[in-house]
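Have the model open beside you and try each task before reading on.

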Amino acid sequence: KKIKQLDSASKARIAKQAASAKSVAHNAKEAAARAQQEMEYARTKSEQAKQCSLAAKDMPDKQHHEDNTDDTRPAKLPSSLKVSISHVDNYPTRQGKDRANPYVHFKFHVPGNNRVDVQQAVTKIKWKINDPDFLESFEFYINNDWDDEERPEELEITFYDCVSATTITKPVIGDDEVAGKVILKMNDVLTYKEEVRYPDGRMEPPFFAGNITKTYELMDMDTEEVVIGAQDEETPCQALIGIQYADSAKKAKPLPHLHTVQLPLRKPFVAPLPKPPDSWVDHPIRKVDVDPFLVAAEGD
C-alpha cells in the first residue's frame, strides 16, 4: 500500500510539474515574441534617428543678415507678403478630358540661395471645373531685409491638374500634371522708396511698397509659351492674383530727432494788487470823472 501511495503521489507531482513547465514555456514564448517586437521597434527608431542625423548634416546654416550683428541697432520685425488667388479663366485640361481638377501651389524662395528658408503653400482642389474660384490668401514672411535695396526673392506659382484619385483636399505635389506657371520677381513687382530726411531732423527710412491686383497669363516653362485654355483655343489661361507687401520699415515709425531750443528769459509774473494803496493819493481811480472799470482794465 505504501509503495502504491508513493507511486500515485509521485505521478501527481510529475503531472503538476509538467503542467507548470508547459505554462512556463508558453510564457517564455510570449516574452520572446514581445522582446522581438521591442527590438524591431528600437531598430526602426534607430534607423529614423540615423536618417534625421544625416539630413541635419546636409541642412544649410540659417542665414543671419550682416547688419543684425550690430548690437547698437534694434532687431527689425519681419516684413510680410500677402498673396491672394481669386479666379482662373479657361483652365487647361489633360488630353482626353473635358474638365480639370485644378489647384495652385505657391513657392516663395531666393533662386540659387539654399541658405534662405523656402516657404510653400497650396490651395484646395476644385473638382471638375474649368473656371475655378479659389478665393484664398497666404502670407509669407521675410526676416533678412534690413536696409536692403533690392528684393531677390521670387514667388513661383504653379497650377496643377489633380489626377490622383485618393487625394481629397490635400494634393500630392509632383504626382499631378502641371498646367502652367507664373513667376513673379519681387524686384519687378515691388517699388523701392528712398530714404527721406527733413530739415527738422525727422527721417523716413527706405522701404519697399507694393499693392497690386493683376491678371497674369500662365506660361509653359518647357516651351516658354503662353498656355492656351481648354474652353477657348484662342484665349490663354489667365489667373487673377493679388500682391500686398507690408515692409516692417514702414510699420515701425522711428522717433524724430528733436533738438532742444533755449527760450528767452523773461521777468517773473506778479499779479497786480486789487486796488492802489492809500498812500497813492493822485491815482486815476480816485478821480471822480473817470470810470473805475476802464481804469482798472487799463491798469491790468
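**Exercise 1.** Find the bridge partner of Lys107 in strand 5.

*Solution.* Start from Lys107: its bridge partner in strand 5 is Glu156. Next, widen the view: strand 2 (residues 102–109) and strand 5 (residues 154–161) pair in the antiparallel sense over eight bridges. Strands here are DSSP runs of E with at least two residues, numbered from the N terminus, and two of them pair if DSSP finds at least two bridges between them. Then turn to strand 3 (residues 119–122), which pairs with strand 2 in the antiparallel sense over four bridges; there, His105 has Val122 as its bridge partner.

A note on the source: this is a predicted model, where local features need pLDDT of at least 70 and side-chain atom pairs count only at pLDDT 80 or more, while totals for chains, interfaces and linings use all residues. Residues are numbered from 1 along each chain as its sequence is written, and side-chain values use heavy atoms, leaving out hydrogens and water.

**Exercise 2.** Is His109 buried or exposed?

*Solution.* His109 is buried, because its relative accessible area is 13% (buried means under 20%, exposed over 50%, partly exposed in between, with a 1.4 Å probe and protein chains only). Finally, compare the strand: seven of the eight residues in strand 2 are buried.

**Exercise 3.** Which residues is His109 in contact with, leaving aside its neighbours within four places in sequence?

*Solution.* Look for heavy atoms within 4.5 Å. With those neighbours set aside, His109 is in contact with Val118, Glu153, Glu154 and Glu156.
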